[in-house]
Number of protein chains: 2
Amino acid sequence: MPTKELLCEENCIHTELLAKSKQNIPDDDTLITLSDLFKVLGDMTRVKILSALLKNELCVCDLSEIIGMGQSAVSHQLRVLRASKIVKFRRDGKSIFYSIDDDHVRQLFEIALSHIREES
Amino acid sequence: MPTKELLCEENCIHTELLAKSKQNIPDDDTLITLSDLFKVLGDMTRVKILSALLKNELCVCDLSEIIGMGQSAVSHQLRVLRASKIVKFRRDGKSIFYSIDDDHVRQLFEIALSHIREES
DNA sequence: TAAACAGATGAATAAGTGTTCATATGTTTA
DNA sequence: TAAACATATGAACACTTATTCATCTGTTTA
């Protein structure tokens, strides 16, 4: 049985490496915004919606059909994507057309796909 | 009160747009792997760990210190990062050093940061 | 070899998230 | 203006996920 705390002691810390790394860490606000953005992309339904929208704009009803999910579910997810400024929308008659509001999304998808494909 | 189902009728579907978009959607396996990758990046603790590791390798104890969390929590998160092939590790004496196993991570971070900064 | 230590891991709990159902909003058209 | 329609939204529920605690594994060193 251990006689001391199980927490890391100071003797295991590599001070120089640690100092360098510490400089590289963004402030908490940035970290939160960054992880929130990835969180939004980290859902299959939303990835599917975005994949569809990368080609051209679509209305909620189209999206509902294309991803095989109820209108409400799609609408809820579009709300999340809207909040992250990833998609924008315009009204045309009764329909509301959604489209990608940011070319970064395309780039993120491409790089992520590269990562996936490199693994055996 | 409506006399019919509330589900989208076929008349609201934009057939041509839909057909084009459908081609652009990857198969389900790819969609799952893609969203899983983003899901791994969609957590502040893991983003913090990766930010630190982008500079140089660090042991679990260093990471625990740098992100201000217990050793167990860090270890659990490293497990997730390992599973996604995002980090690798090597043993050196009693310490285990973790480092980034994929330059795509750096690119993903940079693009995501661009997206964030463009918004007012 | 026994103690000390770095790290991993299972179980438990608390917090977060996605889908569905029911209903509300706002536009169009008869 | 009333019905029909496209979309939005609140509440509820099931499911997932992150952290903590306790314990275990494996390496080093005295």
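# Contacts, burial and DNA in a predicted model

Me: Which residues does T45(A) touch, leaving out those up to four places away in sequence?

Reply: T45(A) touches I67(A), M69(A) and Q77(A) once residues up to four places away in sequence are set aside. Contact here means heavy atoms within 4.5 Å. The model is predicted: local features need pLDDT of at least 70, side-chain atom pairs count only at pLDDT 80 or more, and totals for chains, interfaces and linings use all residues. Residues are numbered from 1 along each chain as its sequence is written, chains are lettered from A and ligands numbered from 1 in written order, and side-chain values use heavy atoms, with hydrogens and water left out.

Me: Why is T45(A) called buried?

Reply: Buried means under 20% relative accessible area, exposed means over 50%, and partly exposed lies in between (1.4 Å probe, protein chains only). T45(A) has 16% relative accessibility, so T45(A) counts as buried. T45(A) sits in helix α3 of chain A. Helices (H or I, at least four residues) and strands (E, at least two) are DSSP runs, numbered from the N terminus.

Me: What makes D101(A) partly exposed?

Reply: The relative accessibility of D101(A) is 37%, so D101(A) falls in the partly exposed class. D101(A) lies in the loop between β3 and α6 of chain A. Not counting residues up to four places away in sequence, D101(A) touches K85(A), I86(A), V87(A) and K88(A). D101(A) and Q23(A) are 78 residues apart in sequence and 32 Å apart in space, C-alpha to C-alpha.

Me: Why is α4(A) described as largely enclosed by the rest of the structure?

Reply: Seven of the eight residues of α4(A) are buried, so the helix is largely enclosed. The buried residues are V60(A), C61(A), D62(A), L63(A), S64(A), I66(A) and I67(A). Their cover includes α3, β1, α5 and β3 of chain A, together with α1 (15–24) of chain B. G68(A) follows α4(A) and has a positive phi, near 65°.

Me: What makes the pair D28(B) and K48(A) a salt bridge?

Reply: A salt bridge is a side-chain nitrogen of Lys or Arg within 4 Å of a carboxyl oxygen of Asp or Glu. The closest N and O atoms of D28(B) and K48(A) are 3.9 Å apart, so the pair qualifies. Between chain A and chain B the count is four salt bridges.

Me: How is the rest of the interface between chain A and chain B described?

Reply: 59 residues of chain A are in contact with 60 residues of chain B. The two chains bury about 5600 Å² between them, 75% of it on carbon and sulfur atoms. That area is the accessible area (1.4 Å probe) that two parts lose on being put together, summed over both.

Me: How do you know that R46(A) makes a polar contact with DNA strand C?

Reply: A polar contact is a pair of N or O atoms within 3.5 Å; within protein, one must be able to donate a hydrogen and the other to accept it, and residues adjacent in sequence count only if both atoms are side-chain atoms. A polar side-chain atom of R46(A) is 2.7 Å from a phosphate oxygen of DNA strand C, so the pair meets the cut-off.

Me: Which element supplies the largest share of the surface near DNA strand C?

Reply: The largest share, six residues, comes from α5(B). A residue is near a strand if one of its heavy atoms lies within 4 Å of it. Of the 27 residues around DNA strand C, S72(A), Q77(A), S72(B), S75(B) and Y98(B) come nearest.
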